Amino acid sequence: MRWLRFAVLILLAAVLQAGAVKAVAVTRFNICPDLLLILLAFFAVYGNTFDAIITSFAIGFAADLISPVMGPQTISFGLLGTLLAYLNRLIAIKKMPHQAAVIFTAGILAGALAYWLSVLRGQPHTSNPYTAALWTSAYSGLVGPFLFLPSAWWMGIKTHHFGKYGS
Amino acid sequence: MARKRIRVSRGWLFTWLTLAGFIFLFAPQGLTGKFQTSFARIFRWPLSIGRSISLSASAPQSLTDVVSRREYNQLQNYLANVTEELNQERRKREKLADLRDRFGWDGFDFRLADVITATVDGRGELIIDRGKDDALAVGQFVLGDNSVIGTVWSVDGKTARVKLFTDPKSQLAVNIAGLKTVMQGFGGNKAKLKMISVKHKIKIGEVVCAAKKPDFLDAPIIVGKVTACKRGDENPLLWDITVEPACNVEELSSVAVIILKPQK
């Protein structure tokens, strides 16, 4: 794993997620894709299990930096990313529709878990958290597999879609 | 020379990182908030640019012969402030003919600050690019589009956190229809007034103004407007009034902080 490139990618995604990504928001609820969720799925699918655990928690920490409360996303992303990495050892998630489904499911589960952890912390929560998680996950699932390609190129990870960019 | 590698099992790694997550979750917010503030401070330029991009992308195309919604809101809020000022002056003159007081901002100054990040849904909070170095202090009122949107909650050298009045932990003394009461944040860009008896007539659209606070606010400034008014579920003798901000906080790119001028 190229950790310096990973750090740059995550910081870039966090900065974009905090602001610019709202430019592609849809509906009056400002639903936008979650870049960090997409990267969580990417590293869980294309990294080894050990690296996937570290990247999941690191991405969760980055998500917390741009969220109202610290902690919920670190835990939920860490847990979901680890589960996804182990699942990937059993069932190879290589096809784009499967990747989209994985992002969608992981988004909903991570969103629900983060919401309940925020409640446990006694923090105020967003209105309609499940609706927001559902639509954000759906949007992320739609665009996510396409963002896997530039991410793989940047990280120097060989995928079957992007075979010529080997590490 | 061979590099010595520390071997950690996946199970232990997961356990330690989960534990770290829970420490973050339950650590005092003042402590963990420093990570977020530092991130906002370090990446203030890309964050500001990103926010400008998203704001410009979401701004509707305005016609040449109509004013924009934002300008309209600014003028409406200005009008509400002046009207409230006028009403208050009239009441004063009626009651205290011999005690003249003058409305104004003589002893106050403003600091314009750019919004770095804004969280409006759920917890209402802004991070702005002014801090202690610009004479900001906890408790100072923050204006957006000529209306009070919240108060400074924490300050460091170059940034400050603003707690919006819609934040569930926020309480603000306000005036509504000549009554003084306390407004409680409710989250979701709303606040509630629950201590007003139903014998008082409150209309939808009624203006809510921040009450004067010595050393912090010396004039009535609009906070928001009543968007719903019904009898309380717990106590039907009290109104359950919903107030929404007088400006679209999510679209604010800059705010003004009211600062007391030092005495000469």
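This is a predicted model: local features need pLDDT of at least 70, side-chain atom pairs count only at pLDDT 80 or more; totals for chains, interfaces and linings use all residues.
## Asp145 of chain B

Is Asp145(B) buried or exposed? Asp145(B) has 24 other C-beta atoms within 10 Å, and a residue counts as buried at 20 or more, so Asp145(B) is buried.

The backbone here deserves a look too. Most residues other than glycine have a negative phi. Asp145(B), however, has a phi near 50 degrees, which is positive.

## Asn189 of chain B

Asn189(B) is another non-glycine residue with a positive phi, in this case near 65 degrees. You will find Asn189(B) in the loop between E7 and strand E8 (190–193) of chain B. How many other C-beta atoms lie within 10 Å of Asn189(B)? There are 19. Being buried takes 20 or more, and being exposed 12 or fewer, so Asn189(B) is partly exposed.

Chain B contains four helices and twelve strands. It has 264 residues, and 36% of them count as buried. Among its contacts with a separation of 6 or more, 61% are between residues 24 or more positions apart.

One barrel of chain B is closed by six strands in the order E1-E2-E5-E4-E3-E12, with antiparallel pairing. From one strand to the next, the twist averages 40 degrees. Strand E2 (residues 125–128) and strand E5 (residues 160–164) of chain B are antiparallel partners, with four bridges between them. If you want a spot to check on screen, Ile127(B) stands opposite Arg161(B) in E5(B).

Six strands of chain B also close into a barrel in the order E6-E7-E8-E11-E10-E9, and here too the pairing is antiparallel. The twist in this case averages 45 degrees from one strand to the next. Strand E6 (residues 171–176) and strand E7 (residues 179–187) of chain B run antiparallel and are joined by six bridges. Asn175(B) faces Lys180(B) of E7(B) across this pair.

## Where the chains meet

Which residues make up the contact between the chains? Chain A gives 28 residues and chain B gives 31 residues. On the chain A side, at least two residues come from each of helix H1 (3–18), helix H3 (49–65), helix H4 (72–90) and helix H5 (96–121). H3(A) makes the largest contribution to that side, with six residues. By type, the chain A residues that touch chain B are 15 nonpolar, ten polar and three charged.

## The nonpolar core

The largest nonpolar core holds 107 residues. Its residues with the most contacts inside the core are Leu36(A), Leu39(A), Leu40(A), Ala41(A), Val223(B) and Val255(B). Helix H2 (residues 35–46) of chain A provides the largest share of this core, twelve residues.

Leaving aside residues up to four places away in sequence, Leu36(A) touches Ala13(A), Ala14(A), Gln17(A), Ile59(A), Ala62(A) and Ala63(A).

Notes:
Residues are numbered from 1 along each chain as its sequence is written. Chains are lettered from A and ligands numbered from 1 in the order in which they are written. Two residues are in contact if their C-beta atoms, placed from the backbone, lie within 7 Å. Ala, Val, Leu, Ile, Met, Phe, Trp, Tyr, Cys and Pro count as nonpolar, Asp, Glu, Lys and Arg as charged, and the others, Gly among them, as polar. Two strands pair if DSSP finds at least two bridges between them. Axes are lines fitted to C-alpha atoms, for helices over the stretch in contact, and angles run from 0 to 180 degrees between N-to-C directions. A nonpolar core is a set of buried Ala, Val, Leu, Ile, Met, Phe, Trp, Tyr and Cys residues joined through C-beta atoms within 7 Å.
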